[in-house]
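Please help me read this model step by step, setting each term against its definition before drawing a conclusion.

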Amino acid sequence: MIELIIVIVVIGILAVVMIPRIGSNRVYEAATQLASHIRYTQHLAMVDDKFESTDLNWSKKLWQIRFNNGSYSIVSDGAYAKNPMNRDNLDINISQDYGVTLTFSNCGDNVISFDHVGRPLIDDLSTAGSAYANLMTSDCLIKLSDDSEEAEITIMKESGYISLK
């Protein structure tokens with residue numbers, strides 16, 4: 001009887017240790033995290049409306065996600081967005097954390113901003129004359145890949161809808 005209990009305990013310990021590793025896909029996990037942070041940027045832009053009719057530079061304060069060599073940060077007017085989980089700055093090195101590479105298509109200079117209704121804008125708005133000259137005109141594709149797997153995030157033009165494949 002005691003042997004049966006010991007076998008059940010050992011199987012239970014092995015199950016707790018091994019089950020989380022089975023079926024793990026680092027590329028998809030990275031894509032899910034990145035898509036979530038893009039949605040979070042869009043949410044911040046819609047909640048924290050930066051439009052002010054007396055300020056000609058209001059568009060330079062929009063929430064944006066900036067990509068740089070496999071890392072990204074969420075900023076507005078020089079201030080970083082806070083991670084809701086631990087209140088640290090949202091400055092993520094996704095290539096280092098997940099071992100993936102990022103490639104962009106139709107995403108401008110790898111800076112994506114959102115206006116007060118969630119529409120995506122591309123390129124750095126700090127040099128733009130009008131924010132709406134930078135409205136996304138074609139779907140932005142962000143591909144994440146490693147040696148064997150790949151995932152793709154699409155940001156739809158006009159609506160800002162974010163999908164993950």
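Two strands pair if DSSP finds at least two bridges between them. This is a predicted model, in which local features need pLDDT of at least 70 and side-chain atom pairs count only at pLDDT 80 or more, while totals for chains, interfaces and linings use all residues. Residues are numbered from 1 along each chain as its sequence is written, and side-chain values use heavy atoms, with hydrogens and water left out.

Q: How do you know that S1 and S2 are paired?
A: Strand S1 (residues 64-68) and S2 are joined by 5 bridges and run antiparallel; because pairing requires at least two bridges, these two strands count as a pair.

Q: Which other strands does S2 pair with?
A: S2 pairs in the antiparallel sense with strand S4 (residues 91-93) over 3 bridges, and also with strand S3 (residues 79-80), in the antiparallel sense, over 2 bridges. Serine 73 has aspartate 91 as its bridge partner in S4, whereas valine 75 stands opposite tyrosine 80 in S3. The hairpin of S2 and S3 has 2 residues between the strands, and there aspartate 77 takes a positive phi near 55 degrees.

Q: What makes strand S2 "mostly covered"?
A: A residue is buried when its relative accessible area is under 20%, exposed when it is over 50%, and partly exposed in between (1.4 Å probe, protein chains only). In S2 (residues 71-76), 6 of its 6 residues are buried. Ser71, Ser73 and Val75 point one way from the strand and Tyr72, Ile74 and Ser76 the other way, and all are buried. In the protein chain, 37% of the 165 residues count as buried.

Q: How many helices and strands are there in the protein chain?
A: There are 3 helices and 10 strands, where helices (H or I, at least four residues) and strands (E, at least two) are DSSP runs numbered from the N terminus. From the N terminus on, the order of elements is α-α-β-β-β-β-α-β-β-β-β-β-β.

Q: Why do S5 and S10 stand at the edges?
A: The open sheet of 4 strands has the order S5-S8-S9-S10, with antiparallel pairing. Strand S5 (101-105) and strand S10 (162-164) each have a single partner strand, so one side of each is left without a neighbour in the sheet. S8 and S9 pair over 6 bridges, with lysine 143 facing its bridge partner in S9, glutamate 152, and a hairpin joins these two strands through 4 residues. Strand S9 (residues 150-155) pairs with S10 over 3 bridges, and isoleucine 153 has leucine 164 as its bridge partner in S10.

Q: What makes the group that includes Met1 and Ile2 a nonpolar surface patch?
A: Patches are made of residues with over 30% relative accessible area and no salt bridge, with like charges joined within 9 Å and nonpolar side chains (Val, Leu, Ile, Met, Phe, Trp, Tyr) within 5 Å. A salt bridge is a side-chain nitrogen of Lys or Arg within 4 Å of a carboxyl oxygen of Asp or Glu. Met1, Ile2, Leu4, Ile5 and Ile6 are among the residues that make the patch, which covers about 1,200 Å². Isoleucine 6 lies in helix H1 (residues 2-18).

How values were computed: Accessible areas come from the Shrake-Rupley method with a 1.4 Å probe; for residues, only the protein chains shown count as cover.
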